[in-house]
Amino acid sequence: MQIVRSGSLLVLMVLVCAFAATAQDSSSAAQPALSPKAAPSSAAAQTAPAPTTPAPSTDPQPPAAATLNEVIDRVVQREHLFMAQMRHMHPMIETYLQDLKDDKDGNTTPVKDQYFLGRLDMADGPEDVSFVGQPGFGHRMVAKLTGVYSLHFLPMGFAQMVVVDSDFQKKSYNFTFVRREFLGEVRCLVIDVQPKEGDRVSRFMGRIWVEDQDYNIVRFNGSYYPQPRINFFFHFDSWRLNMRPGTWLPAYVYTEESNLKTGLTKTLHFKAQTRLWGYDLKSLGKNEEFTQILIDSPQSVNDQSPTAADATPVVAERMWEQQAEENAVDRLQKIGLLAPPGEVDKILATVVNNLLVTNNIDLQGDLHCRILLTQPLESFTIGHTIVMSRGLLDVLPDEASLAMVLAHELSHIVLGHRLDTKLAFNDKMFFPDEESFQRMDFKRNPAEEAAADTKALELLKNSPYKDKLGNAGLFLKALQEKAPELQHLIRPHLGNSFADKKNVRMAGLLASAPALDEKRVDQIAALPLGGRIKVDPWTDQAELSKAKPVALTSAREKMEFEITPFFPYLTRLSANGTEKVALTTGSPSQTQQK
Ligand SMILES: [Zn+2]
């Protein structure tokens, strides 16, 4: 992909105020959610994958291919193996797209957005099953797009961009060796690939990065040519991660078009991020072993009461609600929408605990926090489980803003707002995955929303975050300002909307916030998308990105709520079973530390 704005590639990106510790002035039991050593980076540190200092590889070298010709033979062989593997994989695939416009200062800003979520099914070529249903349309990606995109999209949408060529053959292309280069700690051969002339079928043209042990393609960047007459192939930068020993699977695709003519007067200008996860079929719970079914049986119905007596009516009601909660949480995790319990949950739980302790609230029963793996900004509660989306966690500028979101959800629990207990009946869980958003609904009514806002303000005023709420208000202001352009980003799928043109959640905080100033480099109201949480596409485990913050050089680099390219720090799993996950967002400094 030709990246026009090379400036934005080479430098990036920071946020100074990443969830700073805030607990000094309050109850001693309250603690900062993030200790300095676990400080998250707030934004993806994107740098060109420059030929940085090579990291020594610790793996033994198998016999290397001696000539470009041999390399290509092995690449072609691995690519066919890859296609065969992908036919059995059904990962989740999510694309978020922002339509851009240049303003008078030459800066680009999002003016409209689009969102797609589905499960990839490549049994008959790249295709997907949609979760965000748009009635009246068929299954294929192209059918799910509206407006200008339906005219100009790839026949198979963004799903196509995980595949170089569904029948990759040496005879169809000319190959030119460019250089060796490290992507993260993985040494790669960089090869330019051009379809041979006279071929009427559209084929990949661009550059491939091939890791030099097994000759898997780990990154490819370009487009498909010739362009068809009706549709357009976009430019893309597609990354694969080493998810199992010897297996590299698609994880990220960045797409950008800055000046694609789609008619006499129309040009297409957009950026899009595609993410894939949920590869581990076992976690989908489709064909689990019998033993696992036994382990999974609901704990809450076992005899756990100290007196071994029948439950009292109050206890029975609590158990019933807990069963509904467990059913819903289990299901969301098995579909691949909810991350399994992990370290990020604990950080959220620390913030929730700070709120509880400083308000002297003793909740009966456990309280859990979990991460929804999707991009749209949303949070909701399922019984005593607070759920926050990855996208929301990514854009929150600091711990006080995080506390604001959690205080609202905690208030629903403290106020005893009910979970619809129909989900306690197990037959209610028998529905196709793609209907999840229709069948599972955790929306609150307006009265409950207003009550939770009021209660949340009260909780925050007693909390260690009370002096930092200006930042939280600033985040809300920025969100409200962007709401008309980013409707799909703020459209919730399971809970309540965070903001619309008129209203914003927790509006009581707006008054105390400073005025938004887009030109100030030191005023960070929100972060770019995708900088804080990284997801292991195999296990769905969420963790904090370890990339270090970078000082911003101009206000343009704030990129609040915006899409940026991917530069994952690639690592290789060794065959002897290091279950390390190859996922860090890379930066040159990390490369050198290795
Ligand atoms: Zn709410």
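Predicted model: local features only at pLDDT ≥ 70, side-chain atom pairs only at ≥ 80, totals over all residues.

Student: Which ring does Phe236 pair with, and how are the two planes set?

Tutor: Phe236 forms an aromatic pair with Phe204, 6.1 Å centre to centre, with 40 degrees between the planes, and the pair is tilted. Phe204 sits in strand β6 and Phe236 in strand β8 (residues 236-244), so the pair ties together parts that are 32 residues apart in sequence. Phe204 also counts as buried, because its relative accessibility is 0%.

Student: Which residues make up the cluster of ring pairs?

Tutor: Phe204, Phe220, Tyr224 and Phe236 are linked into a cluster by ring pairs. Over the whole structure, a search finds 14 aromatic pairs. One of them joins Phe168 and Tyr173, a tilted pair at 5.3 Å centre to centre with 50 degrees between the planes. With a relative accessible area of 1%, Phe168 is buried. Tyr173 counts as buried at 2% relative accessibility.

Student: Now charged side chains. How many salt bridges does a search of the whole structure find?

Tutor: The general idea is that side chains of opposite charge can pair when their charged atoms come close. In this structure the search finds 21 salt bridges. Take Arg187 and Asp212, whose closest N and O atoms are 2.6 Å apart. Arg187 is in strand β5 (residues 186-195), while Asp212 is in the loop between β6 (203-211) and β7 (217-225); the pair links distant parts of the chain, 25 residues apart.

Student: Are Arg187 and Asp212 buried or partly exposed?

Tutor: Arg187 counts as partly exposed at 32% relative accessibility. Asp212, at 7%, counts as buried.

Student: What about the salt bridge of Glu321 with Arg418?

Tutor: Their side chains meet at 2.9 Å, N to O. This pair too links distant parts of the chain: Glu321 belongs to helix α5 and Arg418 to the loop between α8 and α9 (436-439), 97 residues apart. Glu321 counts as partly exposed, at 24% relative accessibility. Arg418 is partly exposed, with a relative accessible area of 46%.

Student: Which pair meets at 4.0 Å, N to O?

Tutor: That is the salt bridge between the side chains of Glu560 and Lys558. Glu560 and Lys558 are buried. Salt bridges can also share partners, and in that way Glu94, Arg390 and Asp394 are joined into one network.

Student: Let us turn to the sheet of three strands. What is the order of its strands?

Tutor: To read a sheet, take the order of its strands, then the sense of each pairing. Here the order is β11-β13-β12, the sheet is open, and the pairing is mixed. β11 (368-372) and β12 (379-382) are at the edges with a single partner strand each, so one side of each has no neighbour in the sheet. On average, neighbouring strands are turned by 25 degrees against each other, direction ignored.

Student: In what sense do β12 and β13 pair, and over how many bridges?

Tutor: β12 pairs with strand β13 (residues 385-389) in the antiparallel sense, over four bridges. For Ser379, the bridge partner in β13 is Met388.

Student: Which helix touches β11, β12 and β13?

Tutor: Helix α5 (residues 313-335) packs on the sheet and touches those strands, its direction making about 130 degrees with that of β12. Helix α6 (residues 343-358) also packs on the sheet, touching β11 and β13, and its direction makes about 130 degrees with that of β11.

Student: Last, the metal. Which residues are the protein donors of the zinc ion?

Tutor: The protein donors here are His408 (NE2), His412 (NE2) and Glu449 (OE), at 1.9 to 2.1 Å from the zinc ion. Along the chain the donors follow the spacing H-x3-H-x36-E. His408 lies in helix α8 (residues 399-414) and Glu449 in helix α10 (residues 446-461), so this pair ties together parts that are 41 residues apart in sequence.

Student: Are His408 and Glu449 buried or exposed?

Tutor: His408 and Glu449 are buried.

Methods
Residues numbered from 1 in each chain as written. Heavy atoms only, no water. Pairing = 2+ DSSP bridges. Helix = DSSP H or I, 4+ residues; strand = E, 2+ residues; numbered from the N terminus. Axes fitted to C-alpha atoms, helices over the stretch in contact; angles between N-to-C directions. Contact = heavy atoms within 4.5 Å. Donors = N, O, S within 2.8 Å, 3.2 Å for Na, K, Ca; no water. Buried < 20%, exposed > 50% of the residue type's maximum accessible area, 1.4 Å probe, protein only. Phe/Tyr/Trp six-rings, centres within 6.5 Å; stacked < 30°, edge-to-face > 60°.
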